[in-house]
Amino acid sequence: MTVAPVMGQRFTFVRPSALPGFGITLGFATTYLSLIVLLPLIVLVWRASALGFDGIWQVATTPRVLAALEVSFVTSALAALLNAVFGTLVAWVLVRYDFPGRRLLDAAVDLPFALPTAVAGIALAALYAPNGWIGALFAPWGIKIAFTPAGIFIALVFIGLPFVVRTVQPVLQDFECEVEEASATLGATRMQTVFRVVLPALVPALVTGVALAFARAVGEYGSVIFIAGNIPFVSEIAPLLIVTRLEEFDYAGASAIAVVMLTISFVALLIINSVQALSRRRYEGA
Amino acid sequence: MRETALSESRPLQWLLIAVAVAFLALFLVLPLAAVFVEALHRGVGPLLATYTDADTLSAIWLTLIVAAITVPLNLVFGIAAAWAIAKFEFRGKSLLISLIDLPFSVSPVVSGLTFVLLFGAKGVFGPLLDDWDIKIIFAVPGIVLATVFVTFPFIARELIPLMQEQGTAEEEAALTLGASGLRTFMTVTLPNVRWALLYGVLLCNARAMGEFGAVSVVSGHIRGLTNTMPLQVEILYNEYNFVGAFAVSALLAGLALVTLAAKSLLEWRHAEGLPTARRH
Amino acid sequence: MQKASQLHDVTEMGDTTVDLGKGEPIAITAEGLAKSFPGVAAVNGIDLQVKPGELMALLGPSGSGKTTLLRLFAGLETPTAGRILFGDEDATHLPVRERRVGFMFQHYALFKHMSVAENVAYGLRVRPRRLRPSSAEIAKRAEELLELVQLPGLGRRYPAQLSGGQRQRVALARALAVEPRVLLLDEPFGALDAQVRRDLRRWLRELHDRTGHTTLFVTHDQEEALELADRVAILNRGRLEQLGHADDILDHPATPFVAGFVGDAIRLPVTVEAGWISLGRGKVPAPFQFPSGPAELFIRPSDLTLAHSTGHGTFMGKVVGTRRVGSARRAELVLEDGLPSVEVTLPLEHSVAKGEELHLNLLTMRLFQAR
């Protein structure tokens, strides 16, 4: 690395260090990253861009694609919202209360990360089918869960839960007990302390967790297709439509839907990053 | 236990615990239990029949091979990336960190699709591969590539925060004592990150063996040749061979349980060897 | 320039008059108060009264139970035995939120996600509807309190955007907003730089004199306690060692612990024989009727002077080192081999060499029977 005199510090790519191995490790890491991750994604965007913006718009707005996108985004959003409530509750109970089996439950929260999605898919389908353990409870009332959008919702709740719990939990864990005591000495009831002091402090983490759960749910495939019924216009999700298009060798159509989904995931990521940056700037003074 | 003034009343506590436990039981425990019950409800006979079936065995074998290739590749990448990112200050570092996490925000189906666009019959390199008679899509290399893509960030994202927390002082000390770069890495850096490394490997392996969406797109579902265990589950399920499907699922669920147990053990016993976010 | 104006800011009181609405100050009393945690008796039977309008310091080493005692008064801990009185009212089992104490935490415990004004207004906003002032009144009061603590116009900032000293004052304004009957401050200056500390110390004293709250504050800094408080309570291992004015504590320590804890005292194990203490090849008279046997002698640098004669009551010390302290010189002396060294303050012009022997007089006697 050549160090320019005087202004050197400002124009060098890497700050000089006594440790060896920077060039080779960074070189390898970026090459591998480019080949495995970036190249395929660039080809995808390039392929879709051959259609032009109008072409993508046309594919994305055909009724069947629109319906699939709607099913994916609406059920993902609903599942993320349910997880926002119950994920926070689970995190609260795991952090604040001591009860037999707490550690086991804590470990179980990561099950959706560890269980292969196809396994979760057929298990949920078996449970919520009209003759399944849970489906049978609803069947007499004429309520169908599996093979309807309700089934997709169930699968997406399963998939998204750990994202919310695992982002809220550490923040709750590190929450200073003194802040709650301060609230009590100022005359607040326990409920006021929880709703005005503790929960508002969890909001940035909660938004992050919900956005992560939502982004994952939108792209989810394995756990959904077994329970969804996959009826076009009713319970067909966007990722399944990509697979269908591929099987028809409609690469352009598949790419167009994929690009729409990618864009939306990146918007979700952008939201996460700006929420975190904003809350860091305001509340942590960084 | 906290003072009552600073905590919820006992009955409310128990109510909240009950709701949380019921929710987790309904959404997590019940599906897991269903896998094992469905696998066993016709007795052990059909279960064994599935496990001795040639197609199932070849699916198990392929899954092991894919994991055996994927995990070491991403391990080497994770170590190299973490070394460069955590121990040096350079331009574009935060961009690099975001790019490493990129595969997490891509739908598995889309990741599979990108490889079809690259190497499929009508893909960018399709004609070239055809000339050389190399098959990637609908063959094992495609499955490996798709799996490497989706499991790409797992090890790096455990190592990077931990190595950043640890800083460079110990390595610098080793160098001043006369150790070579490689020796410093082997005797100082590696022992400091071994638990995080194991943690990342566990998660990477679980996902590699369980990946469905991405692999499903590139595999072509050729029995005995390009079926991994999750794909075998799908095939058996679609053929209404539910016992078979759940029998294979039970193996994968067992793997998930072992992974969870090992992961929790690391979190309890070796919390100081994991990045701060993993300690709870 | 910057420094000077900051100093001005915190030492001069503003002209605002704020109705603190607290009524007459009340006394707070602990009667046989005890609190044990599993394995430790943090507070072990304390009787203590802070008089109405008094500024009292709780001083002690870490682990002496001073913070626990403060938290007991606030209701943040429940006592295992004893009573707490607010005025004549038994407050032992009064819930925290009904005690109306202004508690300031060591690290302030500000609400990070609320602006400064929202922090200050919090105690008023959480009141039951019928006791709650209108929002316009709340806003006005928050602004008045911020003026009182000399942070006018900073209401819209967030705690993270303030300096340590500013945060401390926000915490105080927040505590004052609820019209507290007493103020309880846990290490109020503990998290601040030395310079800011000294400025805020004077400022707090002036604020107290103006608002007249019964105030109890915890500190481990004896200079802070002795300079700032009307009376100082010294705690050790959960017990009250001594309660008194600064002069009492410095000049008449009630226990060996206090004698050793305040001032830069050195503890020397000595033997008393028939009214005399053997020390440094000399003899010093013990107090009248002091029993014979092993004892502990506490010596501060200001307790020793150079003797002009070698008569009765003088003793010898061998110089092992000297150092410059401000406008004087201190010589480190060994009185007897094996004993800890003591210090004596010398005029600057008096130079001494290592190894030199000095004749000494003991001006003040702080002698306790060994336990």
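Start where chain B meets chain A. The count of salt bridges between these two chains is 2. The model is predicted, and its side-chain atom pairs count only at pLDDT 80 or more. One salt bridge joins the side chains of K263(B) and D110(A), with 2.2 Å from N to O. Polar contacts between chain B and chain A come to 11 residue pairs, with both residues at pLDDT 80 or more. On the side of chain B that touches chain A, helix α1 of chain B, residues 10-40, has the largest share. That helix gives 21 residues. By class, this side of chain B has 66 nonpolar residues, 16 polar ones and 11 charged ones.

Now the extent of that interface. Chain B brings 93 residues to the contact, and chain A brings 95. About 8,300 Å² is buried between chain B and chain A. Carbon and sulfur atoms give 80% of that area.

Turn next to chain A and chain C. Here 22 residues of chain A are in contact with 23 residues of chain C. The area buried between chain A and chain C is about 2,200 Å², and carbon and sulfur atoms give 60% of it. Which three residues supply more than any other three of the area that chain A buries against chain C? They are T185(A), L186(A) and Y283(A), which supply 32% of that area.

The polar side of the contact between chain A and chain C comes next. The count of salt bridges is 2 between chain A and chain C. In one salt bridge, the side chain of R71(C) meets that of E181(A) at 2.5 Å, N to O. Residue pairs in polar contact between chain A and chain C number 6, both residues at pLDDT 80 or more. Three elements of chain A give two or more residues to the side that touches chain C: α10 (177-185), α11 (190-219) and α14 (251-284). Of these, α10(A) gives the most, with 7 residues. This side of chain A has 9 nonpolar, 7 polar and 6 charged residues by class.

From chain A, α12 (222-228) and α13 (238-247) each give two or more residues to the lining.

How many cavities of 30 Å³ or more does a search of the whole structure find? The search finds 6. The largest cavity has a volume of about 60 Å³. Its lining is made up of L176(C), L183(C), L185(C), L204(C), L207(C), H208(C), T211(C), H213(C) and T215(C). Two elements of chain C, β7 (182-186) and α7 (194-211), each supply at least two of the lining residues. The most come from α7(C), with 4 residues. The lining of the largest cavity holds 5 nonpolar residues, 4 polar residues and no charged ones.

Terms used. Residues numbered from 1 in each chain as written. Chains lettered and ligands numbered in written order. Predicted model: local features only at pLDDT ≥ 70, side-chain atom pairs only at ≥ 80, totals over all residues. Heavy atoms only, no water. Contact = heavy atoms within 4.5 Å. Buried area = accessible area lost by both parts, 1.4 Å probe. Salt bridge = Lys/Arg side-chain N within 4 Å of Asp/Glu carboxyl O. Polar contact = N/O pair within 3.5 Å; in protein donor to acceptor, adjacent residues only side chain to side chain. Nonpolar A, V, L, I, M, F, W, Y, C, P; charged D, E, K, R; others polar. 1 Å grid on protein atoms, 1.4 Å probe; cavity = no way out; pocket = protein on both sides within 12 Å on 5 of 7 lines; lining within 4 Å. Points joined across faces, edges and corners; volume = space filled by probe spheres on them.
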